[in-house]
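Here are my notes on the model, point by point. Please keep the structure open while you read.

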Amino acid sequence: MSAIDLRTKIREVQDFPTPGVGFKDITPLLADPQALGQAVRELASWVEGKNPDLVLGAEARGFILGAAIANEIGCGFVPARRPGKLPPETVSATYQLEYGTNALELHPDLIPEGSRVMIHDDVLATGGTVEAIGGLVEKLGGEVCGVCFIIELTFLGGRERLSKYDLHALITY
């Protein structure tokens, strides 16, 4: 089976979620079994070389491939959720988006001291989400061994913001 140009599976939605934003929609990629499998395998191949103990996925789209990557390489998965979605005790990080602010929480007991954590999200824009999550992981005593994305929006400077991390994206715009 020949490789798919994954870029052909990304739909751009203009003026979503706010006017002037060209949202990169990954759902066509997710709906295509060959494209989905290829994306998981390509990301897992890169991630496996970083020897993570855990893959941490950012809500909500980071859950989809994050859990699949963790399964593919045989490590655990930890979700970073919106406030109020995880019981019991959580730690939280607030961050700036390109069009507002948000927060994510995770269970502190799921990031053991010294654990190697790979952070996955669907799109790298400004880098604020992953910077905040990475800070939480490090505060809890974990080590961020890398960050990976389906898409990187290079014009928003996220790679520079995350320059202290090993970073990989399948598609760049």
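Predicted model: local features only at pLDDT ≥ 70, side-chain atom pairs only at ≥ 80, totals over all residues.

1. Start with β8 and strand β9 (residues 167-172). The two strands run parallel and are joined by 5 bridges.

2. How much of strand β8 is buried? Of its 10 residues (143-152), 9 are buried, so the strand is largely enclosed by the rest of the structure. In general, side chains in a regular strand alternate between the two faces of the sheet.

3. Next, Glu59. This residue lies in the loop between β3 (54-58) and α3. Is Glu59 buried or exposed? Its relative accessibility is 15%, and because the cut-off for buried is under 20%, Glu59 counts as buried. A polar atom of its side chain lies 2.7 Å from the backbone nitrogen of Arg82. Neighbours within four places in sequence aside, Glu59 is in contact with Ala80, Arg81, Arg82, Lys85 and Leu104.

4. Now the aromatic rings. The whole structure holds 2 aromatic pairs. In one, Phe16 and Phe23 have ring centres 5.2 Å apart; their planes meet at 85°, so the pair is edge-to-face. Phe16 is partly exposed, at 42% relative accessible area. Phe23 is buried, at 17%.

5. Phe63 and Phe77 also form an edge-to-face pair, with 6.2 Å between centres and 85° between planes. This pair links distant parts of the chain. Phe63 belongs to helix α3 (residues 61-73) and Phe77 to strand β4 (residues 76-80), and the two are 14 residues apart. Phe63 is partly exposed, with 21% relative accessibility. Phe77, at 27%, also counts as partly exposed.

6. Finally, check the ring of Tyr173. Which charged residues sit over this ring? Arg7 lies over its face, 4.5 Å from the ring centre. Lys24 places its charged end over the ring of Tyr173 as well, at 4.7 Å from the centre.

Notes: Residues numbered from 1 in each chain as written. Heavy atoms only, no water. Phe/Tyr/Trp six-rings, centres within 6.5 Å; stacked < 30°, edge-to-face > 60°. Buried < 20%, exposed > 50% of the residue type's maximum accessible area, 1.4 Å probe, protein only. Helix = DSSP H or I, 4+ residues; strand = E, 2+ residues; numbered from the N terminus. Lys NZ or Arg CZ within 6 Å of the ring centre and 35° of its normal. Polar contact = N/O pair within 3.5 Å; in protein donor to acceptor, adjacent residues only side chain to side chain. Contact = heavy atoms within 4.5 Å. Pairing = 2+ DSSP bridges.
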